[in-house]
Amino acid sequence: MTKWCGPDEAGYDEQRALFNAMIDKRPRVIAACDGPADVREALERAARDGLAVAVRSGGHSVAGQSTNDDGLVVDVRPMKGIEIDASARRARVGAGCTWGEFDAAAQEHGLATTGGRVSTTGVAGLTLGGGSGWLERQYGLSCDNLLAVELVTADGRELRADEHQHPDLLWASKGGGGNFGVVTALEFRLHPVGPTILAGLMLWPFDRASEVAHAYRDWAHDAPDELGTALVVISGPPEEFVPAYLQGEPAVGLAVCWNGDHAVGTELVQVMRDLGPAVDLVGPMPYAAFQQMIDDPPGLRQYWSADYHDSFPDAALDVFLAAGAGRPSPMTQHLLLPWGGALARVDADATPLNQRAARWVSHPFATWMDEADDEENIAWVRDYRRANAPFTTGGVYLNFIGDEGDERIRAAFGAEKYERLVAIKSEYDPENVFAGNQNIRPRATV
């Protein structure tokens with residue numbers, strides 16, 4: 001049964017809050033939905049009252065696209081069911097689940113699929129936008145493992161999209177975002193993962209950054225598919241495992257996720273270990289625990305962006321590290337992620353995502369606390385992107401960015417795939433009811 005919550009009711013502020021504290025919108029009503037019938041009722045009310053619609057699961061959209069002002073929010077978080085078929089290596093996951101919940105259920109059987117690097121992220125939102133995670137070089141993106149979606153369309157139909165029914169809708173859901181309906185459940189292919197993997201963090205003081213970054217780039221570029229990594233510029237956290245001289249100071253880090261033979265992984269990681277990190281936490285650990293390692297609490301201010309690169313030459317590394325040294329907030333992370341592997345071997349037409357052969361993703365990830373610092377932190381991201389522009393391909397992974405306009409949305413898909421998405425959008429949502437996203441406008445409203 002749908003539970004309605006408005007501005008005058010208890011729990012409203014808690015229910016409307018998103019991960020990004022910069023987003024402070026006040027919907028007229030929030031509809032907490034237990035299933036498809038509730039979603040249909042919520043959509044009928046939105047149509048009757050002339051309310052804009054947003055769909056909310058994990059609430060991690062950095063642009064705040066899972067809420068609105070004076071509209072209706074379809075909140076699918078009550079849909080928490082998870083069914084694991086270990087023998088078939090398949091999972092059916094409710095649209096309200098987080099990756100932490102999904103990982104925990106699948107790991108009981110030593111299985112997983114590529115999930116977000118932050119465990120509180122919603123399964124639905126991440127997957128519909130593509131789904132980057134530590135296992136992507138071994139098993140592809142989350143959307144590459146998506147076998148079916150169940151959803152409610154703008155006109156109230158309950159549909160299942162799989163390889164036999166509405167295959168165009170399944171294709172569009174593999175990266176095209178929440179443009180086509182309210183997803184209520186997703187089915188995934190699962191893979192053997194852990195439950196214990198070789199993973200963790202290495203950390204060096206920033207005066208070693210150039211040496212470490214150059215070594216990392218050459219090491220990670222041709223690494224086996226089983227290795228997921230990230231180079232990150234951060235400030236040393238105030239933790240016991242971090243030497244006092246590094247706490248609060250700029251540092252260059254390496255996150256490691258090896259899902260394979262531990263002896264082989266240990267030998268592979270030795271290349272970076274030989275550089276003498278000040279902190280070395282890489283060792284056997286539960287995959288589900290590693291998935292929570294970089295979780296940030298909600299309530300912080302966020303502004304992110306990203307770009308693709310076919311290569312990352314020395315000059316690009318210099319720009320990357322210079323920006324990392326100039327982060328205005330000690331909470332900000334500046335990341336370089338290697339793509340390739342299974343992610344690049346997926347047929348180019350299998351999903352809407354463009355430029356899957358890109359080898360690197362740069363990801364300035366600004367995080368801070370005080371509203372007075374908004375301008376400085378947003379400018380840091382934009383300044384880095386301008387300096388970085390000569391080394392980029394023009395492509396982008398939309399889950400990593402905020403609202404950067406139609407040009408960036410088109411760049412994520414390329415002209416041909418974008419037009420195919422427009423055709424599917426025009427069929428299933430001709431009035432653009434689901435506009436609260438990285439929006440693909442139907443032909444009637446283009």
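The lining of the second largest pocket in this predicted model has 8 nonpolar, 12 polar and 6 charged residues. The volume of this pocket is about 400 Å³. Its lining is made up of 26 residues. Ala 63, Gly 64, Gln 65, Gly 402 and Asp 403 lie nearest the centre of the second largest pocket. Strand β17 (301-304) and helix α13 (406-428) each supply at least two residues of this lining. β17 contributes the largest share, 3 residues.

Turn next to the largest pocket. Its volume is about 720 Å³, and 29 residues line it. Nearest the centre of the largest pocket are Ile 234, Pro 237, Met 293, Ile 294 and Gln 333. By class, the lining of the largest pocket has 18 nonpolar, 7 polar and 4 charged residues. Strands β12 (196-205), β13 (227-235) and β19 (333-338) each bring at least two residues to the lining of this pocket. β13 gives the most, with 4 residues.

Now look at a helix pair. Helix α10 (residues 314-325) packs with helix α12 (residues 374-388) at an angle of about 165°. Their axes are 10 Å apart. Angles over 145 degrees count as roughly antiparallel, and α10 and α12 are therefore roughly antiparallel to each other. Their crossing is right-handed. From α10, the contact draws on Val 319, Phe 320 and Ala 323. These meet Trp 380, Tyr 384, Ala 387 and Asn 388 in α12. By class, the contact of α10 with α12 has 6 nonpolar residues, 1 polar residue and no charged residues.

Technical notes
Residues numbered from 1 in each chain as written. Predicted model: local features only at pLDDT ≥ 70, side-chain atom pairs only at ≥ 80, totals over all residues. Heavy atoms only, no water. Axes fitted to C-alpha atoms, helices over the stretch in contact; angles between N-to-C directions. Parallel < 35°, antiparallel > 145°, perpendicular 65-115°, else oblique. Left-handed = near helix turned anticlockwise from the far one by under 90°. Contact = heavy atoms within 4.5 Å. Nonpolar A, V, L, I, M, F, W, Y, C, P; charged D, E, K, R; others polar. 1 Å grid on protein atoms, 1.4 Å probe; cavity = no way out; pocket = protein on both sides within 12 Å on 5 of 7 lines; lining within 4 Å. Points joined across faces, edges and corners; volume = space filled by probe spheres on them.
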